[in-house]
Amino acid sequence: MNNDVIRELGGFDAPWGKQVLIQEVGYGDGMTLLRIRIREGRRFTIIDVDADTASTWGNVMCGWAKDR
């Protein structure tokens, strides 16, 4: 049986008709990851990252946005 727990954290529309959904996924073994789901039409890209990767990714994105 699947004991995974998925919690929706937020979502938004992105350029070019993409939809982004951010979720927290808690696995039955105690591991928790951040899931980024990008929908483009019928195609989905799903990326699961750990806290360190999410932090690095977020810092890079915030730095880029500040320069704009």
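In these legends, contact means that heavy atoms lie within 4.5 Å of each other. The model shown is a predicted one.

**Close-up 1**
Is Gln23 buried or exposed? The relative accessibility of Gln23 is 6%, and because buried means under 20% relative accessible area, Gln23 counts as buried.

**Close-up 1. Leu33 in strand β3.**
Leu33, which belongs to strand β3, is buried, with a relative accessible area of 16%. Leaving out residues up to four places away in sequence, Leu33 touches Gln23, Glu24, Val25, Tyr27, Asp48, Val49 and Asp50. For the pair Leu33 and Gln23, the separation is 10 residues in sequence, and the distance in space from C-alpha to C-alpha is 8.5 Å.

**Close-up 2. Strands β1 and β2 and the loop that holds Trp16.**
Strand β1, residues 5-14, and strand β2, residues 18-26, run antiparallel and are joined by nine bridges. As an example that can be followed in the view, Phe12 has Val20 in β2 as its bridge partner. The hairpin of β1 and β2 has three residues between the strands, and Trp16 is found in the loop there, between β1 and β2. Although Trp16 is not a glycine, its phi is positive, at about 65°.

Across the pair, Lys18 stands opposite Glu40 in β3.

**Close-up 3. The salt bridge of Arg7 and Glu24.**
Side chains of opposite charge can pair when their charged atoms come close. The count of salt bridges in this model comes to three. One of them is formed by Arg7 with Glu24, whose closest N and O atoms are 3.3 Å apart. This pair links distant parts of the chain, with Arg7 in strand β1 and Glu24 in strand β2, 17 residues apart. Arg7 is partly exposed, with a relative accessible area of 45%, and Glu24 is also partly exposed, with a relative accessible area of 29%.

**Close-up 4. The salt bridge of Lys18 and Glu40.**
In the salt bridge that Lys18 forms with Glu40, the closest N and O atoms are 3.6 Å apart. Why does this pair tie together parts that are 22 residues apart in sequence? The pair does so because Lys18 lies in strand β2 while Glu40 lies in strand β3. Lys18 is partly exposed, having a relative accessible area of 23%, and Glu40 is partly exposed as well, having a relative accessible area of 35%.

**Close-up 5. The salt bridge of Arg35 and Asp48.**
Arg35 forms a salt bridge with Asp48, and the closest N and O atoms of this pair are 2.7 Å apart. Arg35 lies in strand β3 and Asp48 in strand β4, residues 43-49, so the pair ties together parts that are 13 residues apart in sequence. Arg35 counts as buried, at 15% relative accessibility, whereas Asp48 is partly exposed, with a relative accessible area of 34%.

**Close-up 6. A nonpolar surface patch of Ile47, Trp57 and Met61.**
Which residues make the nonpolar surface patch of about 260 Å²? The patch is made by Ile47, Trp57 and Met61. Met61 is found in helix α1, which covers residues 51-66.

Methods. Residues numbered from 1 in each chain as written. Predicted model: local features only at pLDDT ≥ 70, side-chain atom pairs only at ≥ 80, totals over all residues. Heavy atoms only, no water. Pairing = 2+ DSSP bridges. Helix = DSSP H or I, 4+ residues; strand = E, 2+ residues; numbered from the N terminus. Buried < 20%, exposed > 50% of the residue type's maximum accessible area, 1.4 Å probe, protein only. Patch = residues over 30% accessible without salt bridge, like charges linked within 9 Å, V, L, I, M, F, W, Y side chains within 5 Å. Areas by Shrake-Rupley, 256 points an atom, 1.4 Å probe, with all protein chains shown as cover. Salt bridge = Lys/Arg side-chain N within 4 Å of Asp/Glu carboxyl O.
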